[in-house]
Amino acid sequence: MPEYVSSVGMEVHAELATRSKMFCRCAVAFGGEPNTRTCPVCLGLPGSLPVPNRAAIEMVIKTALALNCKINFESGFQRKNYFYPDLPKGYQVSQYQHPLGYDGWLEVPSGGGTKRINIRRVHLEEDTGKLMHLPQGGSGVDYNRAGVPLMEIVTEFPPDITTPDEARDYLVQLRQILLYLGVCDGKMEEGSLRCEPNISVRPAGSDTYGTKTELKNLNSFRSVQLGVGFEVRRQIAANDQGERIVQETRGWNEQKEASYSMRVKESENDYRYFTDPDLTPMVFDADTIETLRATIPELPLAKSERYQKNLGLSSYDAGVLTGDLEWSGYFEDALAAGGDAKTVCNLLTQDFAGLLKEDGISPRASKIEPNGLVDLARLVANNTISSKIAKDVLKEMYRTGNSAESVVKEKGLTQITDSSEIRGVVAKVLEENSEVVAKYRGGQTSVKGFLVGQAMKASGGRANPALVQQLVAEELEKSE
């Protein structure tokens, strides 16, 4: 059986975080009563005229710059003609020629380094409506989403993505960038970010790319990874059996984890693109572009690399912190308050993260401020409390919003560092566990950990752990 190489092109649609639609003043929001956020413009009624949304245009340019794209200083809109119930005008306003951004690239983590994924175009268009199956039977269409500003980001051909994992990683990194830029809320479950992979396979060593299929509107990282993997396997099996791959649009069944045929894929000529006569061309100057470039923040991959290089964090910890803009902001506020990077990171990503996950909230929504986390870390660093007690203190801080110092004082949780007091606790533990002590002295030294644990438990977790270790060892080495 021949070996095959897979190729994956990615088309990602991101609804822009504007307050109004692309060509009218109708509000942008998720859900709500169907067909209540519409007007003659977004319904394409005769005599209505569109006016472009400046904020949406700037968001697309900003994204294109963040993706290292060249900018078309002269751009415009075309009509993409096709007939479908969710398209009230009978055409979609899009950008076929001269997209706002082109010839860019995005770096994604790969094998301990990075891999460059080239981007062909970043353009602006309007979203369509939404077909709905009605409870009483039949179908309807909700036009609330029709006309919402939609940014499309398309990777270059030939594709740089060759595996399902790379397809997923590309989408993860792209979503993070859009969140950092503030141009999209990234809520894939609400359809704010949708992905359409184009998958093909070809025999290894061949320069001729296979016929591609498109998976329509995938709305999770898992769906992208599973969908691409399924299509690669399906196409390889078809090739091995001598079947012809049809260029088509396919849906994805999440329950069955399988794709299914929807319709034959249209070609560009089928859309009969032509310049929209109601929208004037857009012309930009260098000052406008540079002003937008100056608003781009430090992006997630660069931030992750800085955390590893300058702060000594692991690749995993840096990835967790930079994976969410609010988490990285909270972390940096803690550093600004004087916190040690590794200590704050451990508190934030372990015990604190567990508490947040239980309630399904973010760090900023909790009662613990960044400086509160720093104060807790200081109490551990100066041996006022042990790391074990710190977990209990953190839970109380989370519950009440009180400071670490007040919780420790109120609960009497200060660490015991008096060696004579700890030695008394250790002596009592050894006396109560004489059989275990005998095993140790008989050569079974691994039981020492049990005795240390019992001593810590007897002290209520307040004894200095290092001192307990030392005194247990000293007492065990004494002759009977």
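Predicted model: local features only at pLDDT ≥ 70, side-chain atom pairs only at ≥ 80, totals over all residues.
To count as a disulfide, the two sulfur atoms would have to be within 2.5 Å. By that rule, the total comes to zero disulfides.

## Helix α9 and its two sides

Let's move on to a helix. Helix α9 covers residues 351-359, and its buried residues are F352, A353, L355 and L356. Looking down the axis of α9, you'd find these buried residues within an arc of 160°, so they line one face of the helix. On the other side of α9, K357 and E358 are exposed.

What do the buried residues of α9 pack against? Their neighbours are four helices: α7 (325-336), α8 (341-349), α10 (370-381) and α11 (387-400). Just after α9 comes G360, which takes a positive phi of about 65°.

## L476, tucked away in α16

Helix α16 spans residues 465-477, and L476 is part of it. With a relative accessibility of 2%, L476 counts as buried.

So who does L476 touch? Leaving aside residues up to four places away in sequence, its contacts are L430, V437, Y440, R441, K448 and L451. As for S446, that residue is 30 residues from L476 along the chain, and their C-alpha atoms are separated by 12 Å.

## Salt bridges across the chain

Side chains of opposite charge can pair when their charged atoms come close. How many salt bridges turn up in the whole structure? The search finds 29.

One of them joins D127 and R145, with the closest N and O atoms 3.5 Å apart. This pair links distant parts of the chain, 18 residues apart: D127 is in the loop between β7 (113-126) and β8 (130-133), while R145 is in the loop between β9 (139-142) and β10 (149-155). D127 is buried, at a relative accessible area of 4%, whereas R145 is partly exposed at 24%. Both also belong to a network of salt bridges that links E15, D127, R145 and R194.

## Salt bridges within a helix

In α4 (residues 286-293), R293 and E290 are three residues apart, so about one helical turn separates them. They form a salt bridge whose closest N and O atoms are 3.2 Å apart. R293 counts as partly exposed at 39% relative accessibility, and E290 is partly exposed too, with a relative accessible area of 42%.

Which of the two is buried and which is exposed? R399 is exposed, with a relative accessible area of 53%, while E396 counts as buried at 15% relative accessibility.

Note on methods
Residues numbered from 1 in each chain as written. Heavy atoms only, no water. Buried < 20%, exposed > 50% of the residue type's maximum accessible area, 1.4 Å probe, protein only. Arc of directions from axis to C-beta. Contact = heavy atoms within 4.5 Å. Salt bridge = Lys/Arg side-chain N within 4 Å of Asp/Glu carboxyl O.
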